[in-house]
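The following paragraphs lead the reader through the contacts within and between the chains of one structure. Please keep the sequence and the coordinates at hand while reading.

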Protein chains: 2
Amino acid sequence: MTLTLSPNQVQLKNWPGLIETYRPYLPVTEATPVITLQEGNTPLLPVPTIAQIIGKQVQVYVKYDGLNPTGSFKDRGMTMAISKAKEEGCSAVICASTGNTSASAAAYARRAGLKAFVIIPDGYVAMGKLAQALLYGAEVLAIEGNFDQALNIVREVADHYPVTLVNSVNPYRLEGQKTGAFEIVDALGNAPDWLCIPVGNAGNISAYWMGFCQYHADNRCDRLPQMMGFQAAGAAPIVEGHPIAQPETLATAIRIGNPASWNLAIAAQQASQGSFSAVTDEEILAAYRLLASEEGIFCEPASAASVAGLLKVKDQVPTGATIVCVLTGNGLKDPSTAIEHCNNPFKQGIAPNIEEVAKVMGF
Amino acid sequence: MTLTLSPNQVQLKNWPGLIETYRPYLPVTEATPVITLQEGNTPLLPVPTIAQIIGKQVQVYVKYDGLNPTGSFKDRGMTMAISKAKEEGCSAVICASTGNTSASAAAYARRAGLKAFVIIPDGYVAMGKLAQALLYGAEVLAIEGNFDQALNIVREVADHYPVTLVNSVNPYRLEGQKTGAFEIVDALGNAPDWLCIPVGNAGNISAYWMGFCQYHADNRCDRLPQMMGFQAAGAAPIVEGHPIAQPETLATAIRIGNPASWNLAIAAQQASQGSFSAVTDEEILAAYRLLASEEGIFCEPASAASVAGLLKVKDQVPTGATIVCVLTGNGLKDPSTAIEHCNNPFKQGIAPNIEEVAKVMGF
């Protein structure tokens, strides 16, 4: 007996992915082949310990986008970009990436039967992300340069050769990413007071703002959040007001000196009366450890910038506010940083008997 | 303005985790403090390339449990085990683990405010899993022995000291894990013909069978699947009919020589007219690469045993069957295996200019 997912059951019981769920809000038609890995629908989790640190009866949630199919928010944009690339008849895609985009592009491209090229900055991509791009079957080219140089190159390659650019300068990417805002409003019943978000290439803060504005215009929420963007201190061009030639941070996913969506991000911050701030690598690591060891949530270092930033500006939080921090990627993307910075001794070489184990446990 | 998730909105819009969703089927009461990371609700994804390889008009889906909060199916059992441990007033938990259980136990225990001890076999735990346990704040003890020895030790420790055992010999674990079967039936509208599943400690196949039987008794499905269990050839005690003293396989999550739930697994196989088979590491790796590069799904090597097994016994598949393969863990748990076995050259040291990049791309 053959069973298929009937449309009705899909809607009721099995999340069909972003495009089917938010079709009226997205630039797709019946002619668009939907390439999905059932991305989206990620947890919005309360983080009571962080709320308690802030006090003032605030409610704090994290939007844990690391539980997307390839482990980051990039899948929200990639389901759109690859579906549209497939619709347009392209046969290969290319992107520059600090790692998350390459993993996502590779997975969706291969599922669509397209070839995927990814250009990464040599030595600055976390191990899990490299593993993904390779196993998904992308052609991975590591250049002797940083992300900003890689982005310039792929723009030129896409201009001159038959490959479609799927970086966030591809307009369909931000269309898909805006659904993160939809899900938050759908879960809370309204927009939060603050949306705290890491800022690297600045596409995601722009996409979230677009999503909140569209839902607001459609009366799905009766207010808009203040957009609070956080950059790593060594890679904070928007905070400093000029591009950074040699961005440095252990939060490799936001190690970007000249964001492609700079102007859109500024527009979102201004229209929402939000702000941009920088957090140090030490502050990022402290938030990263706090999320894991107190809330049970393992994100990648760049993601923790949103929580580090919230804690840094906690004196500005309005009493009773509802705050959502976006956690953009899964901690498993970067196991080396976890092992190196966990502050937790790992006890090895213990003899396999109860006396020895009990002694090491402190009994 | 303070927003909280109202019960109604939670049910409609934000998955509240397994315990709230399947409360009538689980041994919890109003007195049970629900410790959740919104586990479950994982994708049931069609895998058309694999279906095509089998032919016979079969429908094949994977249940991608690697998208649980800590990256494996263990979270289904751990939300139950830790909630019950908290209800019973315990202050510390312990487990033996090939890595996935330790990550899950650490995350849920820390979220509940409990101490977590994990005993792992030294040198046989994938990097991502070790990173998780450490960052979540567990006390990690690596013994000079294998999983089976570690399990014997933690059973004794839990008997003699004030710590609660959360291995799958804890009965609440299988209660939580059975919800995987519920979700499959809820998504498909009935049970599949075959359920293909990796078998290590044999708890999960037993839990799935219990779930299908309970849903069947409750008229949520009108049939039961055949349970097809697959072990790694170097660690196949159930297939061989005797414990394996030195189990060996690169699928470390199922590197177990003397499964705790052996009898339950045999009962499930016999009652369902299923079977147990062994797959080699080479077959596991081939399925692992196929899932990633053709379907866009990155699972850990042990998970791919279910697909490797299905492909191995494909001549026995009934025409028109609906088959679900359980993918138990996220590929990001084990990035080293992906990089080592991807069969995909990684091109490094490329000069950062378009001519050089285009040349390497083959233009």
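In what kind of interaction do the side chains of B:Glu283 and B:Lys312 meet? In this predicted model, the two side chains form a salt bridge, with an N to O distance of 3.0 Å. The pair links distant parts of the chain, 29 residues apart: B:Glu283 belongs to helix α13 (residues 281-295) of chain B, and B:Lys312 to helix α14 (residues 301-312) of chain B. B:Glu283 is partly exposed because its relative accessibility is 28%, a value between the limits of 20% and 50%. B:Lys312, with a relative accessible area of 42%, is likewise partly exposed.

A:Lys84 and A:Glu87 are joined through their side chains by a salt bridge of 3.1 Å, N to O. Both lie in helix α4 (residues 74-87) of chain A, and because they are three residues apart there, about one helical turn separates them. Their surroundings may be stated residue by residue. A:Lys84 counts as buried because its relative accessibility is 7%, under the 20% limit. A:Glu87 has a relative accessible area of 31% and is therefore partly exposed.

Another salt bridge connects A:Glu248 with A:Arg255, whose closest N and O atoms are 3.5 Å apart. Here A:Glu248 is partly exposed, at 40% relative accessibility, whereas A:Arg255 is buried, at 5% relative accessible area. Salt bridges also link A:Lys63, A:Asp65, A:Arg76 and A:Glu183 in a network. Over all chains, a search of the whole structure finds 32 salt bridges.

A look at one loop position of chain A may follow. A:Ala236 sits in the loop between β8 (226-232) and α11 (237-240) of chain A. With a relative accessibility of 1%, A:Ala236 is buried. Apart from neighbours within four places in sequence, the residues in contact with A:Ala236 are A:Gln231, A:Ile244 and A:Ala278.

The discussion now turns to the interface. The size of an interface is often given as the accessible area lost when the parts come together. For chain B and chain A, about 8,900 Å² is buried between them, and 63% of this lies on carbon and sulfur atoms. Chain B brings 104 residues to the contact and chain A brings 103 residues.

Across this interface, the rule finds six salt bridges. A salt bridge between B:Arg110 and A:Glu294 has its closest N and O atoms 3.4 Å apart. The rule also finds 32 residue pairs in polar contact across the interface of chain B and chain A, both residues being at pLDDT 80 or more. On the side of chain B that touches chain A, helix α6 (residues 127-136) of chain B gives the most, with nine residues. By class, this side of chain B holds 59 nonpolar, 29 polar and 16 charged residues.

Strand pairing also joins the chains. Strand β5 (residues 139-143) of chain A and strand β11 (residues 346-350) of chain B run parallel and are joined by three bridges. Within this pairing, A:Leu141 is placed opposite B:Lys347 of β11(B).

Definitions and conventions. Residues numbered from 1 in each chain as written. Chains lettered and ligands numbered in written order. Predicted model: local features only at pLDDT ≥ 70, side-chain atom pairs only at ≥ 80, totals over all residues. Heavy atoms only, no water. Helix = DSSP H or I, 4+ residues; strand = E, 2+ residues; numbered from the N terminus. Buried < 20%, exposed > 50% of the residue type's maximum accessible area, 1.4 Å probe, protein only. Contact = heavy atoms within 4.5 Å. Buried area = accessible area lost by both parts, 1.4 Å probe. Salt bridge = Lys/Arg side-chain N within 4 Å of Asp/Glu carboxyl O. Polar contact = N/O pair within 3.5 Å; in protein donor to acceptor, adjacent residues only side chain to side chain. Nonpolar A, V, L, I, M, F, W, Y, C, P; charged D, E, K, R; others polar. Pairing = 2+ DSSP bridges.
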